[in-house]
Amino acid sequence: MNTSIKNIKNSMAVALLLAGAVTTFPGCKEDFLQPEPLSFFEPDATFTTQGGLDAQMAISDRQLRSFWTFNNTTTDLGRPMSTEYMFTDVAVAAKTDDGNILADIATRVTPAVMPERMPFFWGESYNGIKYANTVLTYADRVKGLTETDIKVCKGRALFHRAFHYFSLCFHFKDVPLVTKLLKNPKTNYQSTKREAILQMITSDLETAVQWVPNQSQMSLTGLVNKGACRQLLMKCYLATGQWDKAIAQADTLINLSGYSLMTENFGNFISPYSEVWPVTRNVIWDLHRPENKAIGANREGILVMINRNETDMAIKMEAIRNWGPMLDNVATQTPDGKQAVRFYARSNTNYRAPYDYNRALGRGIGVIRPTYYAQKGVWYLNGVNDQGDLRHSTAVGNWVTMESLKYNDPSSKNFGENLRLVSSTGKVLCTDTIRNWFGYPHYKYYIEDPVATRNVNNADHRGGAGDWYLYRLAETYLLRAEAKFYKGDIAGATEDVNTIRRRAKCTQLYSSVNIGDIMSERARELHMEEWRFMELSRVSYCLALSGKPDEWGNVYNVNSLEQNSYWYQRLQHYSDFYNKGKVTVKGRQYTIAPNNLYWPIPQDDIDANGGARLRQNFGYSGYDAGTPMWQTWQEAVADEDKN
């Protein structure tokens, strides 16, 4: 759903946004979030019909994908997920021509200045909560619905609300709790303690698991199902230190819910432009083709976000544009001084079909780039670069390296030779290796745009719309491994991780795993599916709860994670940008601080909430440990009832 950042930042300031006084429908304009008097709307008339309730639920479902698809063409900041990954061990900001590049996170991120898409995670999370609260408020009033129908609607709404609060808890920590629609604007919110919110949404998800049907009982794919509720409940159990309950949910998903890992080729083999970039059919490639993600033969997908090309509801993800290297750029040259890779339209006389990287791979601009760890280090196990791992295999066409491409300017003496970073004379052939020179998972990033493909004059294939996983069973195995690790069942945790590795045809397996091994396997398996920063924040909290050491022997305190956390240590050990303190772009040095584990509460919303003070996070301007906040979710709900 298209939303303006300006209006999103007013989400708490207006209170009507949180109260849900305004509804939206597919195709709405960006100004739908502008505050308007309550009397302009008749929610009682709209939401007491099945059509109105269904529309609101559809908005909730569609909104989930916005964290991967939202873009403002005016600012071109990239997708929200790009911002999320800038705070991780696997990626950094890479737009080297941008004077505002988010490299200097340690000093740049403040309550008043939240760069890139950081405000989106605040505003859209509260939007999602508003949509869910609307359904929870009106579901009982819709005539003609059976008791079972009402429970299904409310169960799905509980999932959506829990999903967004889970994000807020691990992006922003202690936040205002809003559980209902308000009759009057409220500007005296207090923050609610994170532990209390986690307790509430865990209870809500236990209810949702009971009320929402299994996918096998549903005629449509893409709606919240019982499996998705279990997956999120599992994460909540981990976040509340209930390891046995987390394992039980995983056992049910893996053994009793009709899901299974895909271990053989299936569905349609989609391999366009094989003369440019040949793909040997393999299960990892099939698993990540958008055309195969939501089909019945796919038993691994738990919840798929539907996003189909050339439909009214489609939103182009432009995955390769955001996450791929900037190939068509003068910064990378041939040994004889020509541009290394050119994107020619098919109508151009220099066009050569076997070198049509524009259509075969897509046109990246490097909004973010992977760290050395993400490209190379993480793929080593037992001291061996695992050549069998399909997720990192150039041999089968799943992974692109710069050296696997060829110079494609027919006028160059080096035409048809493989790219190289350094010439035979020792000259460095790329002047911007941050943005223009890195490898990436083609099997994840490539989503064809049929419109661009058909246009013979087009040389700008940014990537189309495509179904995307929110949850799949591979993550269930890794969540169970994590729970087993916290319990001390290292053998069980190791087997779960190795199950994922065997499916990927790895030649190297673990003999024993620690938390770092589990998080590294998540990096390999769940790239651009998991919210990597949020998951690192969650795991930092869970690890501290467990009292277990990390791979370097550190034990953490849940009450001082803003000063030292597993997230921060991973960045210091694995990021070749944040841990060196020497890489500078446009005068901005790549830096990150321990307190950046939690993002600041937006100052605009603190100022607008004039009747009380929201608690600011440690390390940011306005932090005051004495700021009152609700210690239980029941207190926060009771305060809402006073409005």
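Start at tryptophan 68. Leaving out residues up to four places away in sequence, Trp68 touches Arg79, Met81, Met305, Met317, Trp323, Trp468, Leu470, Met528, Glu529 and Trp531. Contact here means heavy atoms within 4.5 Å.

Some ground rules. This is a predicted model, where local features need pLDDT of at least 70, side-chain atom pairs count only at pLDDT 80 or more, and totals for chains, interfaces and linings use all residues. Numbering runs from 1 along each chain as its sequence is written, and side-chain values use heavy atoms, with hydrogens and water left out.

Now the core. The largest nonpolar core has 189 residues. Trp68 is among those with the most contacts inside it, alongside Phe87, Phe159 and Tyr165. Helix α10, residues 147–171, gives the most to this core, with 12 residues. A nonpolar core is a set of buried Ala, Val, Leu, Ile, Met, Phe, Trp, Tyr and Cys residues joined through side-chain atoms within 4.5 Å. Buried means under 20% relative accessible area, with a 1.4 Å probe and protein chains only. Helices are DSSP runs of H or I, at least four residues; strands are runs of E, at least two; both are numbered from the N terminus.

Next, α13. How far apart are its end C-alpha atoms? They are 19 Å apart, which agrees with the 20 Å that 14 residues should span at 1.5 Å a residue. That expected span is 1.5 Å times one less than the number of residues. Its buried residues include Trp243, Ile247 and Leu253. Among what covers them are α12, β4, α21 and α24. After α13 comes Gly258, with a positive phi near 85 degrees.

Last, cavities. There are 8 of 30 Å³ or more. A cavity is a set of points, on a 1 Å grid over the protein atoms alone, where a 1.4 Å probe fits but cannot get out; lining residues have an atom within 4 Å of a point. Points join across faces, edges and corners, and volume is the space filled by probe spheres set on them.

Of its 23 lining residues, Ala374, Trp399, Pro441, Ala523 and His527 are the closest to its centre.

Key
Buried means under 20% relative accessible area, exposed over 50%, partly exposed in between (1.4 Å probe, protein chains only). On a 1 Å grid over the protein atoms alone, a cavity is a set of points where a 1.4 Å probe fits but cannot get out, and a pocket is an open set with protein on both sides within 12 Å along at least five of seven lines; lining residues have an atom within 4 Å of a point.
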